[in-house]
Amino acid sequence: MQKTGFIILLVCALLLSGCSAPLAVLENTQAPTDAPVELKQYNASFLTLFDTVTAVVGRAENEEAFTRMAQDVHDKLETYHRLFDIYNTYEGMNNLKTVNDQAGIAPVEVDEVIIDLLEDCKRYYDLTEGRTNVMMGSVLGLWHEERQNGRRDPADASLPDRAALKNAALHTSMDALIIDREAGTVFITDPDARLDVGAVAKGWSVQRVAEQSPKGLLMSVGGNVAATGPKDDSGTPWVVGVENPDGGDYLHTLKVTDGCVVTSGDYQRTYVVDGKYYHHIIDPETLYPAEHWRSVTVLLSDSGAADALSTALFILPLDEGMELANAFGAEALWVDKDGNRHYTEHFMDHVKK
């Protein structure tokens, strides 16, 4: 159920252009020293985090002040990115790759942030009845390997071996994840089990950074969009566009003042085998990409919960998904294979008229 990077929620009417250098400030204005300070809007973007594009938009007295705010957002997100990385190690840090490497061997002493994340992941697992399961790493790893191979050599692209998938699925129990907050350790008791927090980590990190950031910022990390308040002192909401899975105009533009917008879709991180596209949102029951929806968009106050929920809703049929969205207190939009749209009761209340 990895979800990193497949969300395409575009911030519209904000001139968030394609990224080049980290923290490229796209606007430079400064109020005269003899005039009242006028806050101007600035944009910054960088490519180094969570394998996706990150953008920060906000208002500040001048470019220097905004750059400091954007750099602080970048630095906090970078810390989370490194702690939650399952592919790379970093000097002086035990991260989730360290935990995976020690599966079945020994508990790993970790930063309290990792414990916070994994405790929330267990909670999301229970709330979604196992649809969002960060212990699916053994299964997701097989898909990741084939997807990477298929992208490098499309002519030789193939699906994971079905028997290997079934065997990997035997090692996805949340019971194998032992968190000891008092000792500050995490231990995977099953030597063949692996963590993959891609369905949660990006949104969870955005939420934590938003809570520590000044009011009036908008952050978009690969489409996990979070606002820390209105864009100006008059309470003007930010406007966030929900991309059409088939391209073209936005499905909707949403008014966002606080909280977040998160989308899961089948149109990113794909590869082709025998003419068929395969995306990376894996149904834990079939062990293959879920096929109910093209995209699911969630509006919720907490970005981590929204990230976990959007994955679960993408896997579930509409009736069960609607029930789960209501249990979370979320608004949601589903787009089916024929382009039909389905909404929770109050989703349209957030649409810019």
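The following legends describe close-up views of a predicted model.

**Figure 1. Overall composition of the predicted protein model.** The protein has 353 residues, of which 56% count as buried. Its secondary structure comprises 8 helices and 16 strands. Among contacts between residues at least 6 apart in sequence, 65% join residues at least 24 apart.

**Figure 2. The pairing of helices α7 and α8.** Helix α7 spans residues 303–315 and helix α8 spans residues 318–328; their axes come within 10 Å and cross at roughly 165 degrees. Angles over 145 degrees count as roughly antiparallel, and α7 and α8 are therefore roughly antiparallel to each other. The crossing of the two helices is right-handed. From α7, the residues in the contact are Ala 305, Leu 309, Ala 312 and Leu 313, which meet Gly 321, Leu 324, Ala 325 and Phe 328 of α8. By class, this contact of α7 with α8 consists of 7 nonpolar residues and 1 polar residue, with no charged residues.

Figure 3. Ala 325 counts as buried because its relative accessibility is 0%. Leaving aside neighbours within four places in sequence, Ala 325 is in contact with Leu 309 and Leu 313, and also with Ala 330, Ala 332, Trp 334 and Thr 344. The C-alpha atoms of Ala 325 and Ala 312 are separated by 9.5 Å, the two residues being 13 apart along the chain.

**Figure 4. The crossing of helices α1 and α6.** The axes of α1 (residues 63–83) and α6 (residues 201–211) come within 10 Å and cross at roughly 140 degrees. That angle makes α1 oblique to α6. The crossing of α1 and α6 is right-handed. Val 73, Lys 76, Leu 77 and Tyr 80 of α1 meet Trp 204, Ser 205, Val 206, Arg 208 and Val 209 of α6. The contact of α1 with α6 has 6 nonpolar residues, 1 polar residue and 2 charged residues.

Figure 5. In soluble globular proteins, nonpolar side chains tend to be buried together. When neighbours within four places in sequence are left aside, Leu 96 is in contact with Leu 83, Phe 84, Asp 85, Ile 86, Ile 114, Leu 118, Leu 195 and Val 197.

**Figure 6. Positive phi at Glu 129 and at Asp 274.** Most residues other than glycine have a negative phi. Glu 129 has a positive phi of about 55 degrees, although it is not a glycine. Glu 129 lies in the loop between α3 (112–127) and α4 (137–152). With a relative accessible area of 63%, Glu 129 is exposed. Asp 274, another residue other than glycine, has a positive phi near 50 degrees. The loop that holds Asp 274 runs between β12 (271–273) and β13 (276–278). Asp 274 is exposed, its relative accessible area being 79%.

Conventions
Residues numbered from 1 in each chain as written. Predicted model: local features only at pLDDT ≥ 70, side-chain atom pairs only at ≥ 80, totals over all residues. Heavy atoms only, no water. Axes fitted to C-alpha atoms, helices over the stretch in contact; angles between N-to-C directions. Helix = DSSP H or I, 4+ residues; strand = E, 2+ residues; numbered from the N terminus. Parallel < 35°, antiparallel > 145°, perpendicular 65-115°, else oblique. Left-handed = near helix turned anticlockwise from the far one by under 90°. Contact = heavy atoms within 4.5 Å. Nonpolar A, V, L, I, M, F, W, Y, C, P; charged D, E, K, R; others polar. Buried < 20%, exposed > 50% of the residue type's maximum accessible area, 1.4 Å probe, protein only.
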